[in-house]
Amino acid sequence: MTAGERPEPTGRVALVTGASRGIGYGIAEALVARGDRVCITGRGEDALKEAVERLGADRVVYVAGKAHDEAHQAAAVERTMEAFGRVDYLVNNAGTNPVFGPMADLDLGVARKVFETNVISALGFAQRTWKAWQQEHGGAIVNIASIAGLSASPFVGAYGMSKAAMINLTQQLAHEFAPIVRVNAIAPGVVKTKFAQALYEGREAEAAAAYPLGRLGVPADIGGAAAFLTSDQSDWITGQTLAIEGGIFLNAGVG
């Protein structure tokens, strides 16, 4: 294959939520690059249209809506099946983190919103892709968690709790959907996206210095991992959470 030439279609299809930009877009880009066809979702129609143009309208479609909206979940799965006739892979990437502060002051309504978007929506999408295609034909699910779900996460506690729940949801679904569907999670460290901008903006060098590998993550780091976990090379992996975090957990206990 010459430079710039697109790979032949794999025949496989993925649904990637929250994929108009950032990590979700990086995952969709990796899947399209290997020849998959993809349906992407997100809240903003204009951003989704731009993403489809960049990824290739011959292989990508979109559905705009809020991840926690059950009607949107149904529409996204239906659109994927309508456009491509199957849905082999689900990547649950849509998420929110609207609050920063101590748990003692956390508004419980906000906590419920975080769980609805970050956890319940992932379960809803998994139920629908399972019933639409995967229970008869197999496939894989990848849930995008966070290292915030693997340890204490000061000032983003609601987000951390939701991602811990996402990790447990991964295990529950992996057990229930085996052997036909594999379910794994990815727990990224800080990745350079608009979503995580507040964690490094204006202090990127300082933030990167905390990582043994000397840099923050980029969406392609997560895209490559998601491509692996939805490939035949990962056929004996399920129920696992892959931490992609530049080695920052190596610092635990140092000093």
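## Folds and charges in a predicted protein model

Starting at the N terminus, the elements of the protein run β-α-β-α-β-α-β-α-β-α-β-α-α-β. That comes to seven helices and seven strands; helices (H or I, at least four residues) and strands (E, at least two) are DSSP runs, numbered from the N terminus. Keep in mind that this is a predicted model, where local features need pLDDT of at least 70 and side-chain atom pairs count only at pLDDT 80 or more, while totals for chains, interfaces and linings use all residues. Residues are numbered from 1 along each chain as its sequence is written, and side-chain values use heavy atoms, with hydrogens and water left out.

**Overall build**

- The protein has a radius of gyration of 18 Å, which agrees with the value near 18 Å for a compact globule of 255 residues; this radius is taken over C-alpha atoms, and the globule rule is 2.2 Å times the number of residues to the power 0.38.
- Along the principal axes, the C-alpha atoms fill a box of roughly 50 × 45 × 40 Å.
- Of the 255 residues, 49% are buried (buried means under 20% relative accessible area, exposed over 50%, partly exposed in between, with a 1.4 Å probe and protein chains only).

**Salt bridges**

- The count comes to five salt bridges, each being a side-chain nitrogen of Lys or Arg within 4 Å of a carboxyl oxygen of Asp or Glu.
- One of them pairs Arg34 with Asp36, with the closest N and O atoms 2.9 Å apart; Arg34 is partly exposed at 24%, but Asp36 is buried at 1%.
- Another links Asp235 and Arg182, at 3.7 Å between the closest N and O atoms. Asp235 sits in the loop between α7 (219–229) and β7 (241–244) and Arg182 in strand β6 (residues 181–188), so the pair ties together parts that are 53 residues apart in sequence.

**Charged surface patches**

- Arg21, Arg43, Lys66, Lys113 and Lys194 form a positive patch. Patch members have over 30% relative accessible area and no salt bridge, and like charges are joined within 9 Å (nonpolar side chains, namely Val, Leu, Ile, Met, Phe, Trp and Tyr, within 5 Å).
- Arg21 lies in the loop between β1 (13–16) and α1 (22–33) and is partly exposed at 47%.
- Lys113 belongs to helix α4 (residues 108–137) and is partly exposed too, at 45%.
- A negative patch gathers Glu45, Asp46, Glu50 and Glu53; Glu45 is in helix α2 (residues 45–55).

Note on methods
Accessible areas come from the Shrake-Rupley method with a 1.4 Å probe; for residues, only the protein chains shown count as cover. Lys and Arg count as positive and Asp and Glu as negative; His and the chain ends are not counted. The place of a charge is taken as NZ of Lys, CZ of Arg, CG of Asp or CD of Glu.
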